[in-house]
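Trainee: Before I use the labels on this model, I want to see what stands behind each of them. Can we go through them one at a time?

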Amino acid sequence: MKYLLISIFLSHVVNADPTILSAQVLFRHGDRTPVTTVPSDPYQESFWGLPWGTLTTQGMQQHLINGLKLKARYVDELKLVNATYSPYDIHIRSALHDRCLQSAAADFAGFYSDSKFHPQGGGWPKNWTPLPIHTNTDPDHEFEPDAPCARAKQIENERLARPEYLNYEQQHIDIVQAFAKGTGEPWTKWWDIIQYAGTLVCENAHGLTLPSFVTPQLYNDTISIRSTIIDYTAGMAILQALQNPELIRLRAGVLIKTLTGLFRAYTDEKLYAYSVHDSTISATLYALGVTAKMDVIGAGQPGYAATLIFELWKMDDGSLAIKLLYANTAEEALKTVTSSIQGCAGKALCPLATVRGIMDQFVVQDIDKACQAQ
Ligand SMILES: *[C@@H]1O[C@H](CO)[C@@H](O)[C@H](O)[C@H]1NC(C)=O
Ligand SMILES: *[C@@H]1O[C@H](CO)[C@@H](O)[C@H](O)[C@H]1NC(C)=O
């Protein structure tokens, strides 16, 4: 009898499947034109035929693909959301930039490509449902880690003045000098060339011929050093500096509050989407543990349409758990990266209490107060 009870109990544990309750999906916008460039660049705004920082048709395509990938998981496989759009199912939010708004629209054109809730005929575009996309007001501290914040600027400047950083900059000062010479700009510091390096990434993504001083080796070195400096100035533990929790809080704390606030059982929307920036995705990962960003993305920055997902699951014993997923591009498959969260090593589903234990310390209640210079 005792044996029977135990075996019934065991088979119950083994056979019960966890069920998904909700998903919060953060994605970076798709391919865009550069944000700006230098006068010596042959590829000015007129070359692109679009304003600076605008989503391109490639960017739209990437998000259509991404939306189809999300549909495969949440509509077809897990059946979290109905194929036909319902306002009860999802809630879409976006950063204020047009490229983020358009990326969200393109993504959900893919996600809802089997939706029936739209006019039939009458010239209506095939399989397209217009969706509400919500935004914050400016300044948007929730989705823009670089929103104006005096205290964050102070800490960033402190980090840029540290000997470890100055040494690193000095080791690679020849690249800054090559950029100054090649462009005719009065550049002397790495910080001066960060933005133009980002412009080169856009030009390279479009197969454009880069200026002759930008050799393939110089390009690769520049992109890799740029990424190190971006992680460093955002508060990550790198270049022999410790993680700076205050800076991470200032850059991500409002969003971390939103994300953790939605880790609860649902009666309403089951899928939350946030159309944001690479900096937003990195800032979120910094708040998942000292090595989380490196473990999930590596030394680089999130690619176009990079997607980070927090799924909330109910385990067979009724407890709640988080599954973290990531894909660096629209084409890449989502991979489970839960074990990159601090305290979740070796787990595909990590107890909610463990995840909150790490995330809650980064929640910001009053960002205006926290941003005051000290
Ligand atoms: C999905 O939505 C359609 C159309 O509103 C409805 O007929 C169907 O019952 C829904 N399916 C599920 C599983 O809720
Ligand atoms: C630059 O990086 C790319 C991508 O990692 C690699 O394929 C290429 O060989 C590198 N080129 C040089 C000159 O290091």
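Trainee: Where is Pro139 found?

Mentor: Pro139 is found in the loop between strand S3 (134-135) and helix H5 (150-160). Helices (H or I, at least four residues) and strands (E, at least two) are DSSP runs, numbered from the N terminus. This is a predicted model, where local features need pLDDT of at least 70, side-chain atom pairs count only at pLDDT 80 or more, and totals for chains, interfaces and linings use all residues. Residues are numbered from 1 along each chain as its sequence is written, and chains are lettered from A and ligands numbered from 1 in the order in which they are written.

Trainee: What kind of peptide bond joins Asp138 and Pro139?

Mentor: A cis peptide bond, with omega at about 0°. As background, most peptide bonds are trans, and most residues other than glycine have a negative phi.

Trainee: Which phi does Asn127 have, positive or negative?

Mentor: Positive, about 55°, although Asn127 is not a glycine. Asn127 sits in the loop between helix H4 (98-111) and S3.

Trainee: Why is Asn127 called partly exposed?

Mentor: The label rests on a count: a residue is buried if 20 or more other C-beta atoms lie within 10 Å of its own, exposed if 12 or fewer, and partly exposed in between, with C-beta atoms placed from the backbone. Asn127 has 13 other C-beta atoms within 10 Å, so it is partly exposed.

Trainee: What makes Lys126 exposed?

Mentor: Lys126 has 6 C-beta neighbours inside 10 Å, and therefore counts as exposed. Lys126 is also in the loop between H4 and S3. Its C-alpha atom is separated by 8.5 Å from that of Ser113, 13 residues apart along the chain.

Trainee: How do you know that Gln240 is exposed?

Mentor: Gln240 has 11 other C-beta atoms within 10 Å, so the label is exposed. Gln240 is found in the loop between H9 and H10. Its phi is positive, about 60°, although it is not a glycine.

Trainee: Why does Tyr272 count as partly exposed?

Mentor: Tyr272 has 18 C-beta neighbours inside 10 Å, so it counts as partly exposed. Tyr272 belongs to strand S4 (residues 271-276). Not counting residues up to four places away in sequence, Tyr272 touches Gln24, Val25, His91 and Leu262; two residues are in contact if their C-beta atoms, placed from the backbone, lie within 7 Å.

Trainee: How do you know that the span of helix H8 agrees with what it should be?

Mentor: The expected span of a helix is 1.5 Å times one less than its number of residues. The 16 residues of helix H8 (residues 190-205) should therefore span 22 Å, and the end C-alpha atoms are 22 Å apart, which agrees.

Trainee: Which residues of H8 are buried, and what covers them?

Mentor: Trp190, Ile193, Tyr196, Leu200, Cys202 and Glu203 are buried. The cover includes helix H6 (163-171), helix H7 (173-183) and helix H9 (216-233). Just after H8, Gly207 has a positive phi of about 70°.

Trainee: How many residues does H9 have, and what is its reach?

Mentor: H9 has 18 residues and reaches 26 Å from its first C-alpha to its last, close to the 26 Å expected. Among the buried residues of H9 are Thr222, Ile225 and Arg226. Their cover includes H5, H6, H7, H8 and helix H12 (292-297).

Trainee: Why are H10 and H11 called roughly perpendicular?

Mentor: Axes are lines fitted to C-alpha atoms, for helices over the stretch in contact, and angles run from 0 to 180 degrees between N-to-C directions. Angles under 35 degrees count as roughly parallel, over 145 as roughly antiparallel, 65 to 115 as roughly perpendicular and the rest as oblique. The axes of helix H10 (residues 245-261) and helix H11 (residues 278-286) cross at roughly 100° and come within 9 Å. H10 and H11 are therefore roughly perpendicular to each other.

Trainee: Which residues meet there?

Mentor: Ile248, Arg251, Ala252 and Leu255 in H10 meet Thr280, Ala283, Thr284 and Tyr286 in H11.
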